[in-house]
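The stops below can be selected in order.

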Amino acid sequence: MGWKQTLITFTVVLGAAAPALGASGPYAKVTAAKSATFAGKPLKTGQSIEGEGTVEAASGGSARIRMLASDTELVVTSASKIVLAAPKEDGGQELSLLTGLARAVIGAAKRKSEKAEETSFRVRTGSAVMGVRGTDFTMQFDPTAVKTELRTLEGQVDVAATEDAVLNGHGMK
């Protein structure tokens, strides 16, 4: 399958078909980490993530994080920063890509189920908002150029300059 590229800023909202985890307790688990931090502290494989904070991968570093409620794997690549927060009460997940490149793969079981269309996952950048359903995609944001680049590998991503446009189905698909 070819790559679909769109140069914009985006927000991606990921909602979980599983019950909401709430604001307390771990909502993610580190599956691999090299020269990466969360909230300024080194990440370690197997570590649980609680609370809001920024994942920062140093040059040459990376982190793989499993979002528990949505069974989504998030890969933060070298020299990238992304803000994580606990899922909302409705199970929705929102991430903010501050700089660099990240990949999100919605859990395989969810992609193959009817629940995939119910899954809500949002990613924001300085120039775009993305709404994702049953998808494997990469996103890159350059804060200097205020440019977002999106590559959809599988599934569907709605992209727009504002969250309202994505939520009302007016984003680019």
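Predicted model: local features only at pLDDT ≥ 70, side-chain atom pairs only at ≥ 80, totals over all residues.

Residues are numbered from 1 along each chain as its sequence is written, and side-chain values use heavy atoms, with hydrogens and water left out.

Start with a cartoon of the whole protein. It has two helices and eleven strands (DSSP runs, of at least four residues for helices, H or I, and at least two for strands, E, numbered from the N terminus). Along the sequence the pattern is β-β-β-β-β-β-β-β-β-α-β-β-α. Of the 173 residues, 45% count as buried (under 20% relative accessible area, 1.4 Å probe, protein chains only).

Next, select Ile 49, Val 55, Leu 74, Ile 82, Leu 84, Phe 137 and Met 139. These have the most contacts inside the largest nonpolar core, which has 32 residues (buried Ala, Val, Leu, Ile, Met, Phe, Trp, Tyr and Cys joined through side-chain atoms within 4.5 Å). Strands giving two or more residues to this core include E3 (28-38), E6 (53-67) and E10 (121-142). E10 supplies the largest share, eight residues.

Zoom in on Ile 49. Beyond its neighbours within four places in sequence, its contacts (heavy atoms within 4.5 Å) include Tyr 27, Phe 38, Ile 65 and Leu 84.

Finally, select E9 (92-105). E7 pairs with E9 in the antiparallel sense over four bridges (pairing requires at least two DSSP bridges), and Glu 73 stands opposite Val 105 there. E8 and E9 also pair in the antiparallel sense, over three bridges, with Val 83 partnered by Ser 96 in E9.

Terms used
Buried < 20%, exposed > 50% of the residue type's maximum accessible area, 1.4 Å probe, protein only.
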